[in-house]
Amino acid sequence: MERFLCVHGHFYQPPRENPWLESVEIQDSAYPYHDWNERITAECYAPNTASRNLDHDGRIMGIISNYARISFNFGPTLLSWMEKHSPDTYRSILEADRQSIAWRSGHGAALAQVYNHVIMPLATLRDKRAQVQWGIRDFEHRFQRFPEGMWLAETAVDIETLEVLAEGGIGFTILAPHQAAAVRKIGSGSWKDVHGSRVDPSQAYLCRLPSGRSISLFFYDGPVSQAVAFEKLLNSGEQFAARLISGFSSHRRHPQLIHIATDGETYGHHHHFGEMALGQALDHIEGNGLARLTNYGEFLALHPAVHEVQIVENSSWSCIHGIERWRSNCGCNSGGNLGWNQQWRQPLRDALDNLGGQLAACYEEGMAEYIRDPWAARDDYVDLLLDRSVDNVAAFLFRHSLRPLDENAGVTVLSLLEMQRHAMLMFTSCGWFFDELSGLETVQIIQYAGRAIQLAGKVGRGDIETAFLESLALAGSNIPDHVNGAEIYLKFVKPAMIDLIKVGAHYAVSSVFEEYGEETGIFSYRAYREDFQIFHTGQMKLAVGRIFIRSSITRKSDRISFCTLYFGGHALNCGVRSFLGEEAYLAMKDEVVSTFNESDFAAIIRLMDNHFGMHNYCLKDLFRDEQRHILQLIISGTLQEFEDKFNTLYENSRSLMGFLRETGMPVPQRFITTAETALNLHLQKLFVTDMIDVEQVRAIVGEITVWNVAVDTVALEFIIRRRLEGAMAALLEDQDDDRRLCEVLLLAESIAVLPVGVNLWQAQNLYWEMLKSGAAAVQSGIDNKSENISTKESVLKLGHLLYFNAGAALAARGNV
């Protein structure tokens with residue numbers, strides 16, 4: 001019988017964006033990357049777009065996308081981030097789906113996902129429908145086709161969820177084997193109990209629903225999926241392939257589908273180089289004719305279900321107690337925290353459920369005056385998330401409103417819709433998954449709740465927060481300092497809230513360091529400069545101005561005046577308030593400027609208190625990324641002084657250190673510490689110079705070896721990788737530029753002598769692109785011994801340094 005194989009990857013990250021800025025702020029724990037999305041993209045999402053086909057010596061013979069050969073889904077919120085911050089990876093994922101359609105009889109590899117990873121059985125019917133509709137619309141926008149299947153968060157399922165999927169036109173979903181309750185052949189009278197993962201996973205099943213609709217279900221191979229995630233199966237591609245193939249049985253008489261499902265991050269992030277093991281396994285299986293690679297849509301079209309199934313209601317793939325992990329202290333946790341409990345889950349769920357009900361009532365009441373069908377408008381709101389242009393917002397409001405809306409009414413409607421978006425985001429499953437109430441993922445969903453409460457307050461419902469805090473207080477933290485959910489809200493959510501005044505304060509404080517244009521984007525806000533002047537005297541600066549700020553989300557706006565007095569270093573005082581009129585503004589400006597010209601700085605502080613109130617802003621009030629940037633500017637001079645001193649100390653003591661070593665006397669640790677700092681700085685600077693000096697690199701590496709000092713591998717690797725990638729990109733743009741080729745060769749040769757492993761992934765991808773685009777010329781030069789052979793040899797030498805089997809890669813060029 002025919003043998004089919006499908007590997008499904010569920011690619012998803014917990015949401016990390018600041019709910020007020022709509023952007024992920026810098027996360028130091030992800031260093032040297034900006035944040036964890038960026039880091040996991042570099043470790044997993046991007047590598048799977050370009051998996052390596054290796055020879056027996058571990059050299060690259062070809063590069064191909066894993067995504068086109070597997071089945072996958074990406075969380076819409078993750079793809080939204082990726083579109084902006086890793087566009088090459090994003091485009092490659094979309095292209096992989098198009099490629100799979102060509103390979104798999106018109107069926108794409110990509111599946112949709114319920115929008116923001118809520119546990120569907122715990123959602124209201126209205127939210128279920130919105131999650132499915134938003135997931136479909138987002139998918140259509142990105143992949144330019146209707147999704148055949150949809151991934152359920154944590155594969156959490158009940159009959160109502162399947163009804164909503166079928167109602168939305170979704171053809172199938174994927175579940176864990178223990179979520180099947182009973183099966184029978186279609187047309188047969190008796191059901192066979194398959195509780196306890198006894199379902200045959202090698203075929204599709206039809207689930208008939210009470211409405212008369214039906215949906216197809218696939219139950220993945222549990223043991224192999226578990227082995228991939230937890231048993232180091234990805235240490236070897238051939239071992240992985242053998243385990244996959246072992247799932248086939250000679251006793252079956254039907255076309256068999258062996259398929260597994262795991263978190264996509266398994267392939268590269270959880271298991272480094274896991275994407276290579278996946279690629280090698282697929283190469284081995286396909287190359288040896290062991291099975292036909294497929295995806296779910298193609299298999300279902302070729303072999304529709306001949307059996308039907310009943311599901312285990314309220315079940316999931318990651319909680320043996322069903323869906324209790326997201327509403328009770330069931331015992332499921334991430335481990336490692338002895339003595340902790342998750343009794344906070346139930347009161348958190350209750351608090352958010354109650355809040356959701358209040359927000360729904362607030363929404364209906366607030367929308368009644370403006371919108372024909374508030375819930376239909378919410379279902380369509382995803383169209384604005386995908387395109388917030390002025391024209392699209394206007395078309396949306398025209399389509400749904402009872403009458404033409406003025407600016408204030410438009411702001412109210414958009415604020416209520418945004419309130420509802422956060423009312424769904426606050427149920428993102430990650431908030432309950434881990435061990436502690438004050439964990440990042442749980443604080444994130446409480447922040448969503450805080451944003452929804454803030455928006456409700458802006459449309460006249462300021463009484464909601466008190467009741468929410470009372471409910472949150474019942475959720476106790478495992479960490480005594482955090483006490484309970486109410487304290488966590490007051491400690492981590494309330495201070496994070498942003499309004500237009502705080503955006504104005506950010507602009508005002510940063511304006512003494514940054515030169516802004518007439519119009520400036522500040523995350524999800526736009527600032528328009530109406531008046532601005534800056535005055536200097538020594539290190540002191542005074543900035544006075546007026547700006548107009550508008551939210552790009554709700555369109556709410558305000559005109560803001562400010563005054564910032566900068567003393568130098570990190571000392572700064574800033575006053576901000578809503579604009580009170582031209583006369584008051586000019587009076588303030590004249591007073592503070594004349595006082596600044598008199599160098600009476602204490603008087604300026606008093607004037608600022610009079611005009612702006614006693615609440616002052618400083619560098620601590622900057623949004624995190626800009627704050628980090630400005631602090632780097634402030635400390636750069638001091639850091640340079642430190643570097644110069646370390647370099648001088650090392651140069652002056654190096655001879656003495658050598659003499660001490662020759663005499664057998666231990667070199668004092670202070671000398672070694674100085675050498676470590678100086679040599680690391682020197683090595684890093686060598687890789688930011690215009691031309692790399694390989695001999696100097698060798699010399700520094702030699703000294704590092706002599707003194708046995710540690711290398712700052714993280715910082716150095718990041719510097720070198722970015723330099724090499726930039727040089728390779730420049731060479732790809734102009735492959736006839738011998739100077740650029742020489743620079744890349746020098747970089748690659750330098751890397752070869754370093755005691756640091758450099759991630760060559762992107763450089764290798766660029767070399768592969770160069771090889772493909774210029775393969776005929778390179779091969780011709782080799783075959784014909786042309787007079788340009790030195791350039792060809794340099795290209796092949798570069799390939800060797802980048803771990804290519806360039807000959808085999810060239811031979812395969814017609815197949816890429």
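User: Which residue in the turn of the hairpin formed by strand 16 and strand 17 has a positive phi?

Analyst: This is a predicted model, in which local features need pLDDT of at least 70 and side-chain atom pairs count only at pLDDT 80 or more, while totals for chains, interfaces and linings use all residues. Residues are numbered from 1 along each chain as its sequence is written, and side-chain values use heavy atoms, with hydrogens and water left out. Strands (E, at least two residues) and helices (H or I, at least four) are DSSP runs numbered from the N terminus, and two strands pair if DSSP finds at least two bridges between them. Strand 16 and strand 17 are joined by 12 bridges and run antiparallel, with two residues between them in the hairpin, and the turn residue with a positive phi, of about 65°, is G538.

User: Which residue of strand 17 stands opposite R526?

Analyst: Strand 16 covers residues 525-537 and strand 17 covers residues 540-551. Across this antiparallel pair, the residue opposite R526 is R550.

User: How many residues of strand 17 are buried?

Analyst: Buried is taken as under 20% relative accessible area, exposed as over 50%, and partly exposed as in between, with a 1.4 Å probe and protein chains only. By that criterion strand 17, which has 12 residues, is mostly covered, and the number buried is 11.

User: What is the bridge partner of A543 in strand 18?

Analyst: Strand 17 pairs with strand 18 (residues 557-568) in the antiparallel sense over 10 bridges. The two form a hairpin with five residues between them, where R555 in the turn has a positive phi of about 70°. Within that pairing, the partner of A543 is T564.

User: What is the order of the strands in the open sheet of five strands?

Analyst: The edge strands are strand 15 (519-522) and strand 19 (571-578), each of which pairs on one side only, and the twist averages 30° from one strand to the next, with axes fitted as lines to C-alpha atoms and angles running from 0 to 180 degrees between N-to-C directions. Strand 15 is joined to strand 16 by four bridges in an antiparallel run, and there I522 stands opposite Y525. The pairing in this open sheet is antiparallel, and the order is 15-16-17-18-19.

User: How many aromatic pairs does a search of the whole structure find?

Analyst: Rings of Phe, Tyr and Trp (its six-membered ring) pair if their centres lie within 6.5 Å, and planes under 30 degrees apart count as stacked, over 60 as edge-to-face and the rest as tilted. Applied to the whole structure, this search gives a count of 33.

User: What are the centre-to-centre distance and the angle between the planes for Y205 and F219?

Analyst: Y205 lies in strand 10 (residues 205-208) and F219 in strand 11 (residues 214-219), 14 residues apart, and thus the pair links distant parts of the chain. Both Y205 and F219 are buried. The geometry is edge-to-face, with values of 5.8 Å and 70°.

User: Is Y528, at 28% relative accessibility, counted as buried or partly exposed?

Analyst: Y528 forms a tilted pair with F548, at 6.2 Å centre to centre and 45° between the planes, which links strand 16 to strand 17 across 20 residues. F548 is buried, with a relative accessible area of 16%. Because its relative accessibility is 28%, Y528 counts as partly exposed.

User: At what distance from the ring centre does R546 lie over the face of Y585?

Analyst: A charge sits over a ring if NZ of Lys or CZ of Arg is within 6 Å of the ring centre and within 35 degrees of the ring normal. R325 lies over the face of F433 at 3.6 Å from the ring centre, and for R546 over Y585 the value is 5.1 Å.

User: Which residue in strand 11 is the bridge partner of L175?

Analyst: An open sheet of six strands, with mixed pairing, has the order 7-11-10-14-8-9, and its edge strands are strand 7 (172-175) and strand 9 (192-193). Strand 7 and strand 11 pair in the parallel sense over four bridges. In strand 11, the partner of L175 is F219.

User: Which residues does V493 touch, not counting those up to four places away in sequence?

Analyst: V493 is found in helix 18 (residues 485-493) and is buried, with a relative accessible area of 0%. With contact meaning heavy atoms within 4.5 Å, the residues touched by V493 are W20, I446, Q447, G450 and I488.
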